[in-house]
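I opened my notebook for this one and jotted entries as I went. Here they are, in the order I looked things up.

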Amino acid sequence: MASLARIRPRVPRRIPFVRAIQTSADTTQLQEHPSDHSKPFTVKLHEDSYRSYLCDTPSFEVEVKKDELMSMYKDMQTMRRMEMAADALYKAKLIRGFCHLAIGQEAVAVGLEYGITPKDRVITAYRCHPFAVMRGGTIKGVIAELLGRQAGMSHGKGGSMHIFTPSFFGGNGIVGAQVPVGAGIAFAQKYLGNNTATFALYGDGASNQGQVFEAFNMAKLWNLPAVFVCENNKYGMGTSAERSSSNTEYFTRGDKIPGLQVNGMDIIATRNAVQYARKWVTEGNGPLLMEFVTYRYGGHSMSDPGTTYRTREEVQRMRSTQDPIRGLQRYIEEWGLASEQELKQLDKNAKAEVDEAVEEAKQSPEPLLKDLWTDIYYKGTEPPFMRGREKDEVHYY
Amino acid sequence: MIISSGVLARRTVKRRIPGFTIRWQSTTGVEPPPAGGHLPSVATSQYLRLTREAAFRTPGLSWADEDGSSPARNIVGGRETRKMNTYQAVRDAMSVAMMKDDTAVVFGEDVAFGGVFRCTMGLAEEFGRERVFNTPLTEQGIAGFAIGLASMGQTAIAEIQFSDYIFPAFDQIVNEAAKFRYRSGGQFNVGKLTIRTPTMAVGHGALYHSQSPEGFFMGASGLKIVIPRSPIQAKGLLLSSIRDPNPVIFMEPKILYRSAVEQVPIDDYELPIGRAETLTAGSDLTVLTWGTPVYHCEAALHMLADPPSSLERLIPPSLRSAKIELIDLRTILPWDVDTVTESVSRTGRLVIVHEASQTAGVGAEIAAEVQKRCFLKLHAPVKRVTGWDVPVGCQYEKFIIPDSLRILDGIMESLNY
């Protein structure tokens, strides 16, 4: 192998020049100065915030409201605090097993929630904690689930990737498996005539799974109200998109399915794109592919320092120049919607809310031993017994 | 991936030469024995219920169309049966399920025009193409799609065209369907999911049309696996499977689609999941099997009691009066431990027959559990008569799956131990 490595030309793979999407978080311009803060006002997104495939881009002129921006800011800040709390709990060895954090990708989860309705459905795989909270869960429920406690949203039986709410069909431990499941959910919506949409999220890594393409085909064939959302954070575990995917323009991978690439760091752009996508699929246009170009600051999981396959400088540069929370903070301040002081207070509130939830979660007891045997089969239809480790641990229903 | 349904059709080809009638010339005046001997086959099995009265006496049958508020009755007056083979019974079950449940949909490769085994024939015309539709050739996609549909509370009846093709969907079935309830702490489930798939050997299916994959799913707690042996069983068990609040894989022995014929009640009825059925009571040895081999076992029991002349010298007269108990397991997961261990505790001997290969097959699990629970009652080690540990080749398929002779040999070995 060593000799092979020597033969290999030391020329970096040339990526053909295309006009790239830009992922800055602070390039949205104010169109008219808002005089009345209770009324919506118009802002203009950067012209490279979207790229489209077989469809038009959403409008670059977006109406926003002060309340909504402030609420988004609070939510993003709270989500980041929650993920940081999970990080600390993991390092304190209170959370065991697998834990994947979405720090840096807040504009996707929060922007998605602001663009859809409670009746829409969302399903994803890893990095599901913010989605679970935004879709009606609680911070306490998520943290308790990570800690494996009774107060967890799956009663401590699921863990990091297995958190559900009535409109959120969970994270999922099998990369890519949630995409055809999402197609099925969308079919049920169509069948029941709900006029709602399903957002099936996956990463740039999962986009190379065969079943993702199977789901695309079925969704287009039957014109399902499904939005397939690729959260492209540029690395599938430890392999960069360029090294894993022949086509890194994930929004073009649906063949006949139109696609939309979105700056996933500017929450105004993400929310606007989600609204566009929701409208697209609920108006009977069939499925849509969406790619959020975003970035995760941490490693893939807690055991990955995240710096062996990318440089510290790269992470630092993204953090300092393209952070979604800082970007929104800047909009709010520059547009005179709130003072730095008021935003600091929101930060403090977020931290206090998360701290309180963590304490409450820690107080929750671990699941009862008898719950080891529940929820395997529907109650009353279980087999006569299930085996434990030893004879006296065999559980009889 | 599709074999023509005609392959399985029994066709009698008559050769006619004008002006002549070719007749077998007898020199002794005695009719020759049929090619298969005088033994019972699927066509003549005593386990098939050929009259209306016998059909209504099917053990465990419960009518599902009676008023739920009144006590259970067993009035069969006014109820009717119709002669059906297994694929017609399967179709009938799906028709009943779809008629009563507006959310029920049937989908799979080629199901809209009837499916390769005709199990969905006419369903699309009856219920519309919105409810009975073809999918692309994407087994993993079908399973995932069905799981998503069922998680929304809809009744999803998916077909995997052959159980041999279920392996691409293995991840979805084992990791998603089986665990959906558990990993959501009971908030979500895919209990309304049923995956139908034809299974077992057909005589010439070869590597990818003759496998019996039920054993691979044994470790997936949360799933149920059901294998019927006859039309009445197929309809009742399929309706139970569709309505069972857990995901069920329903494997239909494909050779029995046409060959097994019974009078099947036309009304809505169910048979219990998780319960084995004792077909013949006995006291000296228990034979446990499911699906197609039920009929091979029946033939083996006849050979033992009344050996054909060619086998007479090989079967000691002392064994011929042995009373053999034959049990059809029906539900493979979770299997009916109580019925099996109760039987083996009485008989002291167990022979397990299945078509899948022996190593880590379902028989291994049953044998281990039985030897643990009945250790002091056993007179002989648990015997497994199974397919060989080889891929199912095309040419000698008959010799790879267990036939009546191998089952007879296994029974004798166990009795002689």
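**Helix α7 of chain B**

I began with burial in α7(B), where B:P231, B:I232, B:Q233, B:A234, B:K235, B:G236, B:L237, B:L238, B:L239, B:S240, B:S241 and B:I242 are buried. That makes 12 of the 13 residues, so I noted α7(B) as largely enclosed by the rest of the structure. I then checked the length: helix α7 of chain B runs over residues 231-243 and reaches 18 Å from its first C-alpha to its last. The span is close to the 18 Å expected at 1.5 Å a residue. I also reminded myself that an α-helix has 3.6 residues a turn, so residues three or four places apart point the same way.

**Confidence**

A note to keep in view: this is a predicted model. I found scores of ipTM 0.72 and pTM 0.81 for it. For chain B I read a mean pLDDT of 89, with 89% of its residues at 70 or more. Over residues 1-26 of chain B, though, the pLDDT is below 50, and this stretch has 27 contacts in the model beyond near neighbours in sequence.

**Chain B as a whole**

I counted secondary structure next and got 14 helices and 16 strands in chain B. Chain B has 417 residues, and 59% of them count as buried. Looking at contacts between residues at least 6 apart in sequence, I found that 82% join residues at least 24 apart.

**A glycine in chain B**

I looked up B:G115 and found it in the loop between β3 (105-108) and α3 (123-127) of chain B. Is B:G115 buried or exposed? I have B:G115 down as buried, since its relative accessible area is 2% and the cut-off for buried is under 20%. Leaving out residues up to four places away in sequence, B:G115 touches B:D110 and B:T120.

**Where the chains meet**

Turning to the interface, I found 47 residues from chain A and 49 residues from chain B in the contact. Between chain A and chain B the buried area is about 3,900 Å², and carbon and sulfur atoms give 62% of it. I counted two salt bridges between the chains. In one salt bridge the side chains of A:R387 and B:E365 meet at 2.8 Å, N to O.

**Two loop residues in chain A**

I checked A:H100 and placed it in the loop between α2 (66-91) and α3 (106-115) of chain A. A:H100 counts as buried because its relative accessibility is 3%. Apart from neighbours within four places in sequence, A:H100 is in contact with A:E83, A:Y126, A:R127, A:H129, A:S160, A:M161, A:H300 and A:S301.

My last stop was A:D392, in the loop between β12 (385-386) and β13 (395-396) of chain A. A:D392 is exposed, with a relative accessible area of 65%. From the C-alpha of A:D392 to that of A:Q189 I noted 47 Å, for a pair 203 residues apart along the chain.

Notes. Residues are numbered from 1 along each chain as its sequence is written. Chains are lettered from A and ligands numbered from 1 in the order in which they are written. This is a predicted model: local features need pLDDT of at least 70, side-chain atom pairs count only at pLDDT 80 or more; totals for chains, interfaces and linings use all residues. Side-chain values use heavy atoms; hydrogens and water are left out. Helices (H or I, at least four residues) and strands (E, at least two) are DSSP runs, numbered from the N terminus. Buried means under 20% relative accessible area, exposed over 50%, partly exposed in between (1.4 Å probe, protein chains only). Contact means heavy atoms within 4.5 Å. The expected span of a helix is 1.5 Å times one less than its number of residues. pLDDT is the predictor's confidence in each residue, from 0 to 100. Buried area is the accessible area (1.4 Å probe) that two parts lose on being put together, summed over both. A salt bridge is a side-chain nitrogen of Lys or Arg within 4 Å of a carboxyl oxygen of Asp or Glu.
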